[in-house]
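The structure under study is shown below.

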Amino acid sequence: MKSRLLHTPDGVRDLYNGEYKRKLLIQEQLHNVFMSYGCFDIQTPTFEYFDVFSNQVGTTPSKDLFKFFDKEGNTVVLRPDFTPSIARCVAKYYAPEEEPVKLCYMGNTFINSSDYQGRLKESTQCGVEFLGDGTAEADAQMLSMVVDSLKAIGLENFQISVGHAGFFNALLEEGKVTKEQENQLRELLANKNFLGVEAFIENLEVSDDIKQLFALLAKFDTSSEDIKKARIWATQYPKLAATVANLEALNSALQEKEIAQFISFELGKISVYEYYTGIIFAGYTFGHGEPIVKGGRYDKLLSHFGKDAPAIGFAFVVDQLLAAIKENAKTKEQGKYITFALGKGRLAKKTLKIFEQIGITCEEIYDPDTRKLIFVNEDLKLRFFLAKGPDVPTYVEHGAADIGIVGKDTILEEGRNVYEVLDLGFGNCRMCICGPESAKELLQHQEQIRVATKYPQIAKEYFYNEKNQTVEIIKLNGSIELAPIVGLSDVICDIVETGATLRENGLVVLEEVCNLSARMIVNQVSMKMQNERITKLIRDLKNVLS
């Protein structure tokens with residue numbers, strides 16, 4: 001108990017001396033830029049009613065909110081982000097004649113994320129909300145403010161990726177895409193699996209113009225020429241024509257502000273949040289595994305608070321900026337390698353054989369007597385290291401590796417924020433529900449059963465969300481097949497390759513959960529900042545595999 005008095009809870013930390021001084025300096029530099037653009041300061045409460053951050057309004061799932069009750073029994077939450085709070089504020093205090101208005105804020109936000117993921121539960125956000133102006137000029141002004149802010153804190157090498165929620169939604173409507181097709185397309189785009197998107201488009205039964213517009217989703221960088229062509233393709237479709245006209249106007253405004261070199265259009269960029277209506281954007285730089293700034297247009301959000309007004313905003317996470325500035329300096333000194341994290345064992349051996357076919361080699365990794373942990377090909381500026389399968393997505397998510405090779409089972413179980421860009425086609429097997437033949441009746445009658453598994457997240461997702469069946473999940477690490485034999489569980493959720501072990505122990509496959517194979521995953525920032533090299537690598541691998 002005595003030692004706990006000296007430590008902070010998981011996910012929060014003390015800042016002092018030089019580090020806190022650097023953080024205050026960044027906040028001051030950002031604030032100065034905001035003021036130069038005519039922003040007014042605003043402060044909202046640290047906690048608000050739960051309804052302010054409901055699924056339709058907030059950006060954070062309910063399970064990740066810090067919730068508690070006030071004396072009247074109302075559910076209140078610690079603020080997970082600022083946008084809904086400021087939307088509520090504007091709806092209450094600002095009359096139409098006072099618009100448009102630019103408001104800037106600074107303060108701490110709270111997200112109750114899982115432990116041991118290297119994420120802060122309390123972090124500082126600085127941002128701006130521009131309300132009452134729905135023009136492309138307003139969009140350009142916000143992007144200009146983001147660029148000037150990043151320059152002001154000393155960053156030089158960064159990119160802002162811009163998509164358009166309205167373009168994507170209009171395309172789904174004009175293409176008469178079914179819900180199942182939409183979900184498939186969203187998953188491909190979320191994983192930046194552009195080869196999969198190209199295959200998806202080929203199978204669409206739509207006009208040539210719509211197919212050409214769909215093809216823009218499969219490009220990481222949509223050029224000015226592409227947007228001009230899109231105007232012609234969208235002529236017969238009013239909603240699409242309107243969004244393309246908006247993109248053209250934005251592109252012209254960015255050219256005038258001389259910041260186009262920092263901006264790239266990525267029309268396949270989508271958001272899981274439904275309140276975005278126009279452009280959505282994120283900023284990337286070396287040194288941090290996730291975007292350092294996010295924003296977008298949300299013209300309908302204020303209507304949740306009884307006010308109709310267009311709006312656009314963005315937010316920096318200051319703690320991420322601190323890390324990015326520090327790592328940017330290292331990257332500038334050392335030059336940028338592409339780093340691969342390979343799952344140990346057969347997976348790594350098969351991967352290296354395929355890599356050899358596209359000219360990627362690293363002789364020292366084959367030395368059986370080496371004690372090295374990092375293997376380098378200086379000529380190609382490549383680095384490799386071997387890691388246990390479950391660790392690979394973690395290294396990639398946090399930017400310690402740009403690319404990872406790992407099984408689909410590990411990706412599903414770990415649930416990390418990475419791009420799954422390519423199915424490598426080897427290591428094929430299945431995730432299955434197995435047990436004695438008599439257990440089939442338990443599954444069919446939806447009875448509550450015990451499930452033993454090394455993959456509790458996959459089992460939970462399958463039984464709770466796909467089968468809507470309540471189960472008791474038991475986490476094991478050894479021979480899972482033993483559990484139903486000795487009566488610890490009714491069934492198991494495990495990988496099946498040949499099924500020989502099951503047969504020898506009187507067990508059978510009862511249900512198939514999903515197919516598995518080796519996959520390539522990529523860090524979000526690396527995919528943007530090293531796009532040319534990584535995209536070439538993906539296409540070369542695809543050609544070899546084909």
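**Salt bridges.** I searched this predicted model for salt bridges and counted 25. I then looked up individual pairs.

I began with K239 and E173, whose side chains meet at 3.0 Å, N to O. I checked the exposure of both partners: K239 is partly exposed at 46% relative accessibility, and E173 is partly exposed at 44%.

I turned next to K467, which forms a salt bridge with E511, the closest N and O atoms being 3.1 Å apart. I located K467 in the loop between α15 (456-466) and β19 (471-475) and E511 in strand β21 (residues 508-516); the two are 44 residues apart and link distant parts of the chain. Are K467 and E511 buried or exposed? I found both of them buried.

I also recorded a pair within one helix. The side chains of D540 and K536 meet in a salt bridge of 2.8 Å, N to O. Both residues lie in helix α19 (residues 531-545), four residues apart, which is about one turn of the helix. D540 is partly exposed, with a relative accessible area of 23%, whereas K536 counts as exposed at 52%. I noted as well a network in which salt bridges with shared partners join K408, E420, D423 and R519.

My search of the whole structure gave ten aromatic pairs. F158 is in strand β7 (residues 158-164) and F262 in the loop between α9 (238-256) and β8 (263-265), 104 residues apart, so that the pair links distant parts of the chain. I found F158 buried at 3% relative accessibility and F262 buried at 11%.

How are the rings of F385 and Y395 arranged? Their centres lie 4.9 Å apart with the planes at 75°, so the pair is edge-to-face. F385 lies in strand β14 (residues 382-387) and Y395 in helix α12 (residues 392-397), so the contact ties together parts that are ten residues apart in sequence. I noted that F385 is buried, with a relative accessible area of 9%, while Y395 is partly exposed at 36%.

I listed F34, F314 and F316 as one aromatic cluster. I also looked up a contact between a charge and a ring: the charged end of K102 sits over the ring of F130, 4.6 Å from its centre.

**Helix α3.** I took the span of helix α3 (residues 136-152), which has 17 residues, as 24 Å from its first C-alpha to its last, close to the 24 Å expected. The helix is mostly covered, with 13 of its 17 residues buried. After α3 comes G154, whose phi is positive, near 100°.

**Surface around the α16 to β20 loop.** I found a nonpolar surface patch of about 350 Å², made by L482, I485, V486 and L488. L488 lies in the loop between α16 (482-485) and β20 (491-496), and is partly exposed, with a relative accessible area of 30%. G487 lies in the loop between α16 and β20 and is exposed, with a relative accessible area of 57%. I finally compared G487 with R450: they are 37 residues apart in sequence and 9.7 Å apart in space, C-alpha to C-alpha.

Conventions: Residues numbered from 1 in each chain as written. Predicted model: local features only at pLDDT ≥ 70, side-chain atom pairs only at ≥ 80, totals over all residues. Heavy atoms only, no water. Patch = residues over 30% accessible without salt bridge, like charges linked within 9 Å, V, L, I, M, F, W, Y side chains within 5 Å. Areas by Shrake-Rupley, 256 points an atom, 1.4 Å probe, with all protein chains shown as cover. Salt bridge = Lys/Arg side-chain N within 4 Å of Asp/Glu carboxyl O. Buried < 20%, exposed > 50% of the residue type's maximum accessible area, 1.4 Å probe, protein only. Phe/Tyr/Trp six-rings, centres within 6.5 Å; stacked < 30°, edge-to-face > 60°. Lys NZ or Arg CZ within 6 Å of the ring centre and 35° of its normal. Expected span 1.5 Å × (residues − 1).
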